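Take a look at the model below.

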Amino acid sequence: MITNYSDNNHLVLVGKITSDKRFSHEIYGETFYIFDLEVPRLSGNADIIPITISERLITSEELTIGKKVLIEGQFRSYNSYENEKNRLILTVFAKDIKFEDEEVVENEEGKEKISNEVTLIGYICKKPIYRQTPFGREISDILLAVNRAYNKSDYIPAIAWGRNARFCQNIEVGTKVKITGRVQSRSYEKKFEDGTVETRVAYEVSIGSLEIIEEEEEKKEEVVKNEEAM
């Protein structure tokens with residue numbers, strides 16, 4: 001069965017550049033940079049999302065602070081080893097970028113478009129944690145393993161709310177699901193054994209919808225597609 005990995009992980013962001021680009025890494029002679037993108041929420045607040053981008057998609061003049069862009073790509077993760085401890089790092093990997101295009105930055109009414117959409121298909125790889133806030137709001141924390149090419153996977157944290165949160169608490173590890181939502185940033189305080197406190201930023205998917213994908217139905221659909229192609 002041929003897997004289209006781009007279907008597993010697809011993301012679109014529209015926002016404003018808020019930092020200069022900084023070196024990320026180099027692989028096979030290709031240099032990658034990171035910059036921060038401010039993506040407005042409907043509430044009036046904003047998320048600051050790190051974007052990883054290849055030098056081949058940009059020029060030094062294009063990535064200027066304050067410029068509006070549309071990013072299309074994937075929400076990815078990698079492990080960072082700091083002080084002999086493993087830490088999961090989240091970033092948006094840009095596959096395409098459009099600069100100051102009024103058609104993509106504005107909607108039909110000429111108003112600024114707010115766009116933050118991500119679709120992930122993967123497997124529940126950790127028992128969902130259901131909890132309630134002091135104000136009675138229901139939340140479930142989940143960790144999704146999203147397959148990528150070359151036998152790699154991205155491990156994406158996500159949060160479900162309300163009835164989706166109640167539904168998630170009963171999902172078994174290994175279940176295949178499809179979620180849609182938005183990428184959000186959240187500040188929190190990390191307390192250490194010596195009593196010191198460090199402010200950090202977490203990135204996750206705020207789930208808008210969630211559905212279970214039945215493996216047997218998926219196989220049947222694939223067989224039908226193969227037969228139609230013959």
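The model is a predicted one. Among the contributors, β6 gives the most to the lining, with seven residues.

The space in this pocket comes to about 1,300 Å³. Its lining has 41 residues, and those closest to the centre of the pocket are R87, L88, Y188, R200 and A202. Sorted by class, the lining holds 20 nonpolar, 17 charged and four polar residues.

Now consider the whole chain. Its secondary structure consists of four helices and twelve strands. Of its 230 residues, 38% are buried. The accessible surface is about 14,300 Å², and carbon and sulfur atoms account for 47% of that surface. Among contacts with a separation of 6 or more, 60% are between residues 24 or more positions apart.

One residue can be followed in detail. D47 is located in strand β4, which covers residues 46–54. Is D47 buried or exposed? D47 has a relative accessibility of 0%, so it counts as buried, the cut-off being under 20%. Leaving out residues up to four places away in sequence, D47 touches L37, E38, V39, R41, N116, R182, V183, Q184 and S185. With one of these, R182, the side chain of D47 forms a polar contact of 3.5 Å.

Conventions
Residues numbered from 1 in each chain as written. Predicted model: local features only at pLDDT ≥ 70, side-chain atom pairs only at ≥ 80, totals over all residues. Heavy atoms only, no water. Helix = DSSP H or I, 4+ residues; strand = E, 2+ residues; numbered from the N terminus. Buried < 20%, exposed > 50% of the residue type's maximum accessible area, 1.4 Å probe, protein only. Contact = heavy atoms within 4.5 Å. Areas by Shrake-Rupley, 256 points an atom, 1.4 Å probe, with all protein chains shown as cover. Polar contact = N/O pair within 3.5 Å; in protein donor to acceptor, adjacent residues only side chain to side chain. 1 Å grid on protein atoms, 1.4 Å probe; cavity = no way out; pocket = protein on both sides within 12 Å on 5 of 7 lines; lining within 4 Å. Points joined across faces, edges and corners; volume = space filled by probe spheres on them. Nonpolar A, V, L, I, M, F, W, Y, C, P; charged D, E, K, R; others polar.
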